Amino acid sequence: MSKPLLTVENLRADIRMPDGVLSAVDGMDLTVTRGETVCLVGESGSGKSLTCDSITGLVSSRKIDVSGSVRFDGEALLEADEATLRTIRGNRIAYLFQNSHNALDPVYSIGNQIVEAITFHDDDPEPEPREQAIELLETVGLSRPGERVDSYPHELSQGMRQRVALAIALAADPDLLIADEPTSALDVTIQARILELLEQLKRERDLTVLLVTHDLRVVARLADRVVVMYAGQPVERGPVDAVFETPAHPYTQALFDSFTGTTQKTHEQPAATGCRFASECPHAVDDCRTERPAFEAVGTDETTSHQAACIYYRDGRDRSKVLERATGVATAADSLLEVSDGE
Ligand code: SF4
């Protein structure tokens with residue numbers, strides 16, 4: 001297996017509050033290898049975006065303390081100075097946000113904004129940057145790119161602006177694209193087109209992507225591997241097929257239930273100690289409230305990369321208690337995913 005491009009170990013983002021410290025990201029481990037798409041999935045407030053911002057040094061609040069280890073192609077990012085981080089963000093790690101309004105400057109034409117991104121990355125671009133900008137607009141599927149290169153953001157539809165934001169992200173030919181809820185602000189038809197485009201770019205450009213989403217449809221279509229997050233902590237991880245076939249952690253099952261409409265999410269306060277899902281988990285026992293569960297293999301094969309942080313997967317515990325719902329939950333989600341695929 002090739003060396004990971006990004007390795008994150010025990011990442012924490014602690015927010016200093018008037019009444020104590022809130023661990024908004026708590027013990028995140030993550031690897032992303034070149035050419036793969038790793039997806040952070042969880043409901044809003046689970047720490048997905050803060051994880052990405054912490055990795056790339058985008059956390060600006062002095063009230064948030066980021067610690068742990070982040071290595072991007074060998075470079076220790078948490079120890080890097082701001083100038084180094086800015087260069088890495090401009091050249092090697094690109095962002096695609098939920099709302100293209102944030103990525104586009106209303107006073108410059110889209111062509112100028114793409115040219116700026118190209119020349120930040122390469123001071124002697126070949127072919128010349130305007131020509132490259134038109135090619136990039138064509139790559140992201142904007143019709144009549146030669147004319148539209150001189151358009152301003154307000155002259156474009158929401159879907160077109162998201163394509164332009166993607167063209168800007170691709171302008172530096174980044175090693176890693178961080179896509180944070182890239183389709184959430186779009187209507188359903190445009191969402192489908194942007195997803196198709198991302199799938200196509202993955203195939204054709206061998207893009208490496210760290211994807212953040214709450215939407216299981218997006219996960220199913222784009223991810224190679226998944227990390228499920230709950231209240232700042234990773235709770236399940238593994239290849240996308242394994243997680244969708246056997247959602248093993250009780251929180252992942254609740255997330256799938258909520259997607260299929262089987263149950264609504266509850267909004268209990270996460271438990272302060274032990275497993276944070278203990279206040280909502282139907283299988284919780286006393287140990288769950290005192291000890292934070294480590295990741296354990298879901299199957300009996302210890303070498304599997306499908307793991308869940310739940311005490312029922314420890315040796316000597318009866319994992320069938322939490323696994324008994326997995327097949328039903330997975331089948332219900334699968335039928336819904338098939339329906340939306342056919343839309
Ligand atoms: S560790 Fe306990 S509370 Fe947490 S998911 Fe497993 S059974 Fe539920």
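Let's start with one residue. Tyr251 is buried, at a relative accessible area of 2%. Buried here means under 20% relative accessible area, exposed means over 50%, and partly exposed is in between, with a 1.4 Å probe and protein chains only.

A word on the model. It is predicted, so local features need pLDDT of at least 70 and side-chain atom pairs count only at pLDDT 80 or more, while totals for chains, interfaces and linings use all residues. Residues are numbered from 1 along each chain as its sequence is written, and side-chain values use heavy atoms, with hydrogens and water left out.

Now the whole chain. How many helices and strands does the protein chain have? There are 13 helices and 12 strands. These are DSSP runs numbered from the N terminus: H or I of at least four residues for helices, E of at least two for strands. The radius of gyration is 21 Å, close to the 20 Å of the globule rule for 343 residues, so the chain is as compact as a globular protein of that length. That radius is taken over C-alpha atoms, and the rule is 2.2 Å times the number of residues to the power 0.38. Along the principal axes, the C-alpha atoms fill a box of roughly 65 × 45 × 40 Å.

Of the 343 residues, 49% count as buried. Next, contacts, meaning heavy atoms within 4.5 Å. Among those between residues at least 6 apart in sequence, 65% join residues at least 24 apart.

Back to the aromatics. The whole structure holds 5 aromatic pairs. Rings of Phe, Tyr and Trp (its six-membered ring) pair if their centres lie within 6.5 Å; planes under 30 degrees apart are stacked, over 60 edge-to-face, and the rest tilted.

Take Tyr230 and Phe277. Their ring centres are 5.0 Å apart and their planes meet at 80 degrees, so this pair is edge-to-face. Tyr230 sits in strand β9 (residues 225-230), and Phe277 in the loop between α11 (250-260) and β11 (296-297).

Which ring does Tyr251 pair with? The partner is Phe277: centres 5.5 Å apart, planes at 75 degrees, so edge-to-face. Tyr251 lies in helix α11 and Phe277 in the loop between α11 and β11, so the pair ties together parts 26 residues apart in sequence. Phe277 is buried, with a relative accessible area of 4%.

To finish: Tyr230, Tyr251 and Phe277 form one aromatic cluster.
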